[in-house]
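Hi,

Here is the structure I promised to pass on.

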Amino acid sequence: KGNGKKKETKPNNQFNNILDNIVIRDFNVTINDQKELKLFDFQINEFLVKNKQVDSILYLQTKSNILVKSFSFKTTKGSFVENQLFEGNWDLKFNTKTPALLFDSMTINISKQPFVFKGGFHFGTQQSFDLDITTKQIKLDFAKKLLTKKIAKSVGLADVGAPLDVHTIIRGSLVGGGDPYIKAAFETKNAALKTPVMSFDSASFNGYYLNEVVAGQERTDENSTVVVQNLDAKYLGLPV
């Protein structure tokens with residue numbers, strides 16, 4: 001939607017922003033790359049954008065309500081954040097020269113759980129993305145719903161009876177190259193911790209999940225690990 005004012009046309013090699021406001025409602029977006037086995041499927045319930053351009057930077061203020069039906073980097077391995085609702089008011093920057101979509105300390109509510117996102121999507125020669133995601137006091141059962149079923153099954157070998165603070169780094173390619181790099185660090189205190197081997201009470205610990213133990217090798221289950229460290233707990237009433 002324009003504001004009714006006539007805008008000066010820029011040369012072909014410059015970004016020409018002719019839209020002052022964008023309104024999208026009840027709209028589906030599907031990217032189905034059958035060659036690379038990628039499937040991204042979004043139901044946009046509402047997406048409102050106001051923008052302002054300063055030099056080569058387009059500043060975007062958005063209000064969003066988006067259902068992620070599939071976010072699959074490899075359909076044979078399943079989808080992340082499947083059937084989860086993304087909501088929030090986000091401030092984005094689009095660099096028209098690079099080009100890249102960038103954001104910093106952007107709060108996204110995923111099915112009401114707040115996450116803080118930093119990073120960006122780079123559409124130039126890099127064709128890559130990088131995400132830094134933090135959330136506080138997330139329950140393990142809900143966290144598993146945000147993962148692929150196979151990863152959730154591995155993480156689900158342990159049951160943690162208290163919420164966790166989680167900091168996740170995700171980096172990858174927009175045009176192929178296999179699964180993205182993922183490292184998810186977690187921490188909790190005074191939790192009941194149940195594992196297939198033994199169970200602990202009042203457990204405080206931190207650790208991480210990593211899908212690239214050996215750098216440069218394919219990010220498969222065989223190259224992934226879950227590490228728990230700095231454990232302070234009680235076992236049958238005895239301090240461990």
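A quick definition before the strands: two strands count as paired if DSSP finds at least two bridges between them. The strands themselves are DSSP runs (E, at least two residues; helices are H or I, at least four), numbered from the N terminus. This is a predicted model, where local features need pLDDT of at least 70 and side-chain atom pairs count only at pLDDT 80 or more, while totals for chains, interfaces and linings use all residues. Residues are numbered from 1 along each chain as its sequence is written, and side-chain values use heavy atoms, with hydrogens and water left out.

Strand E10 (residues 181–194) has several partners. Strand E9 (residues 164–173) runs antiparallel to E10 over seven bridges, with Val166 bridged to Phe186. On E11 (residues 199–210), also antiparallel, there are nine bridges to E10, and Phe186 turns up again, partnered with Gly207. A hairpin of four residues links E10 to E11.

Now the second largest pocket, at about 210 Å³. A pocket here is an open set of points on a 1 Å grid over the protein atoms alone, where a 1.4 Å probe fits, with protein on both sides within 12 Å along at least five of seven lines; lining residues have an atom within 4 Å of a point. Volume is the space filled by probe spheres set on the points, which are joined across faces, edges and corners. The lining has 17 residues, with Lys77, Thr148, Ile151, Asp179 and Arg219 nearest the centre.

Cheers
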